[in-house]
Amino acid sequence: MKKKFQLAINSGPPVINYKFKKYNPIGSREKRAAIKVIESGVLSDFLGSNGNKFYGGKYVKKFEDKIKEFFQVKHAITVNSWTSGLVTAVGALDIEPGDEIIVTPWTMAATATAILHWNAIPVFADIKIDTFNLDPNSIKKNISKYTKAIIVADIFGQSADMTEIMKIARQHNLKVISDTAQSPGAKYKGRFAGTIADIGGFSLNYHKHIHTGEGGILVTNNDKLAEKMRLIRNHAEVAIQSVEKNKLINMIGHNFRLGEIECAIGIQQLKKLNHVINIKKNQAEYLSNGLKNLKGLITPVVKKDRDHVFYFYGMQIDNKIIKKTRHFICRALNAEGLDIYQKYQNIHLLPMYQNKIAYGSKGFPWTSSYCKREINYSKGICPNAEFLQDKSFFGFGICQYNLNKKDLDLIIKTFEKVWSSLHKLN
Ligand SMILES: *Cc1c(COP(=O)(O)O)cnc(C)c1O
C-alpha cells in the first residue's frame, strides 16, 4: 500500500500537519471600547445601596439595553459569569430547601450545582439521542410532588423542545430556566432560544461565540423575577429596607456584578453575534455535507423548527454499522492531526452525586430532613446520555477555531481516510 494512504496511527503521514487558526472575536473595536472605559477611570459604577447606581454604571445599563433590543426581551441583567447567572436564576424562583428541580445530565456541572447552591435537589432526566437535549417524556416521568422547576440546557447550539417542555411546566405549575450558554442567537420557532423559558441566559466566557473574558447575561419577561435577580446580583441589602418581608425568600445577596470594561466590550461583541453565528452555521453545513456519505457516521441533527449555531459539532458512531470502537476511531482521527473529543458529560455520575456529599461531610442536603425522598443517581437512570457517553458520542470543538475552506476540506479528508481504512483498525 502507498504510504500516503496509510493511517497516521500506523506510521503513515497525517492529513493535517499544521494547527488551525484560533477563533478570536476580539478586535480593534473592543480595544477602543475598553480603553475608553480605562481612560474614564470608572471601571465599575455599582453601589449596593438604594438608588440609580444599584443597577450599575453607564456601560452596564447600555449593554443591558442592547441585549433587550437584540433578544427582544423585557429585562436583561448582566452578571460576572453564567455560573453566577444560574445561581441567581434559581434563587429568584422562591425555591425551598429540599424542593426538586429536574435537570439534564448532558451539560456542564454548573447547570446542576446552581440547584444545590440553594439546598434544592437536582433530579436528572434523560436526553434525546438525536439532539442531546432534554427529553420531554423523561421530564414527565421524573416529576414528583416535590418538583418545583426544570432547568433545560440548549446544548451545543440548538434549542431544546421548548413547546413541549413549557406545556409540561404549565400543567404541573413548574418554573423553567434555560441554560442557553452555548446557543446565543439560536432560534426556536422564530423566537430566540433562552427567551421562551421563565428565565434564560447566556455565557460570555472566553470559549463562547461572543465573550467579555468572563461574564453572563440573564433574560426574562417577568418583572418580579427580574427584580429578585437584580437584588441577588448586588448584595440584596436593599431588599431588607424596601421589600416586604414575605418577598424576602432567598435574598441572600452576592456580588455577581459585571464591570464597565466587560460591558463596553460586550456592546461591541453583541454587534458581531449574527455574523459569527452565520460563519459557524456555514462551516457546519459544509462539514455535514462533506461527511454525509460516510457509512455509520451520524452528523449533527438540526430540527426543522429551529436552527443550530454550532458551539460544538457533536457526532455519533452508529454501532450497528461500525464494529470498531469509538476509542480507536478517535485515536485514528487524532493521529491525523484533528482534535476530537471522545466524550461529553454525564453530570449525574460525578463523584458528588455518586457519594451524595455536597455541603460538609454528612451528606447534606440529601441526608437532611428537607430531602423528602431517596433520590436515585445510579448508572442506568439516563440511558441515552450514558450510551452516548460510553459508546457512541464524539465531537469537534468548532467554536475554538477560525476555520477556512482549506481547513474544512482537510477535516473532511481526514474522516474519509479513516473511514476508508476502518477495517484495518483494531
Ligand atoms: C459555559 C457554560 C456554562 C457556564 O458559563 P460560565 O460563564 O463559564 O460560568 C454553563 N452551562 C453551559 C452549558 C456552558 O456551556
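**Aromatic contacts, salt bridges and spaces**

Analyst: Across the whole structure, the search finds 28 aromatic pairs. Please bear in mind that this is a predicted model.

User: What is the geometry of the pair formed by Phe 71 and Phe 192?

Analyst: Phe 71 and Phe 192 are edge-to-face, at 5.2 Å centre to centre with 75° between the planes. Phe 71 belongs to helix α2 and Phe 192 to strand β7 (residues 191-192), so this contact ties together parts that lie 121 residues apart in sequence.

User: Is Phe 71 buried or exposed? And Phe 192, buried or exposed?

Analyst: Phe 71 has a relative accessible area of 3% and is therefore buried. Phe 192 is buried as well, with 8%.

User: Why is the pair of Phe 124 and Tyr 353 classed as it is?

Analyst: The ring centres of Phe 124 and Tyr 353 are 5.1 Å apart and the planes stand at 85°, so the pair is edge-to-face. Phe 124 sits in strand β3 (residues 121-124) and Tyr 353 in helix α11, and the pair links these distant parts of the chain, 229 residues apart. Both Phe 124 and Tyr 353 are buried.

User: Which residues form one aromatic cluster?

Analyst: The cluster is made up of Trp 106, Phe 132, Phe 156, Phe 312, Tyr 341, Tyr 344 and Phe 393.

User: Back to Phe 192 for a moment: which charged end sits over its ring?

Analyst: That of Lys 187, which is 4.7 Å from the centre of the Phe 192 ring. In another such contact, the charged end of Lys 280 sits over the ring of Tyr 23, 4.1 Å from its centre.

User: On to salt bridges, then. How many are there?

Analyst: The count comes to 19 salt bridges. One of them joins the side chains of Lys 74 and Asp 223, at 2.8 Å from N to O. Lys 74 lies in the loop between α2 (58-71) and β1 (75-79), while Asp 223 is in helix α7 (residues 223-233), so this bridge ties together parts 149 residues apart in sequence.

User: And how accessible are Lys 74 and Asp 223?

Analyst: Lys 74 is partly exposed, with a relative accessible area of 45%. Asp 223 also counts as partly exposed, at 41% relative accessibility.

User: What about Lys 417 and Glu 336?

Analyst: The side chains of Lys 417 and Glu 336 meet in a salt bridge of 2.9 Å, N to O. Lys 417 is in helix α13 (residues 405-420) and Glu 336 in the loop between α10 (326-335) and α11 (351-355), so the pair links distant parts of the chain, 81 residues apart. Lys 417 counts as buried at 11% relative accessibility. Glu 336 counts as buried at 0%.

User: Which residue does Asp 390 bridge to?

Analyst: Asp 390 forms a salt bridge with Lys 379, and the closest N and O atoms are 2.7 Å apart. Asp 390 is in helix α12 (residues 383-392) and Lys 379 in the loop between α11 and α12, 11 residues apart. Asp 390 counts as partly exposed at 39% relative accessibility.

User: Which residues are linked in a network of salt bridges?

Analyst: Lys 128, Asp 161, Asp 305 and Arg 306 are linked in this way.

User: Which residues line the largest cavity?

Analyst: Asp 130, Thr 131, Phe 132, Phe 156, Gln 158, Pro 300, Val 301, His 308, Phe 312 and Gly 314 do. By class, this lining has 5 nonpolar, 4 polar and 1 charged residues. Phe 132, Phe 156 and Phe 312 line the cavity and also belong to the aromatic cluster.

Key:
Residues numbered from 1 in each chain as written. Predicted model: local features only at pLDDT ≥ 70, side-chain atom pairs only at ≥ 80, totals over all residues. Heavy atoms only, no water. 1 Å grid on protein atoms, 1.4 Å probe; cavity = no way out; pocket = protein on both sides within 12 Å on 5 of 7 lines; lining within 4 Å. Nonpolar A, V, L, I, M, F, W, Y, C, P; charged D, E, K, R; others polar. Salt bridge = Lys/Arg side-chain N within 4 Å of Asp/Glu carboxyl O. Helix = DSSP H or I, 4+ residues; strand = E, 2+ residues; numbered from the N terminus. Buried < 20%, exposed > 50% of the residue type's maximum accessible area, 1.4 Å probe, protein only. Phe/Tyr/Trp six-rings, centres within 6.5 Å; stacked < 30°, edge-to-face > 60°. Lys NZ or Arg CZ within 6 Å of the ring centre and 35° of its normal.
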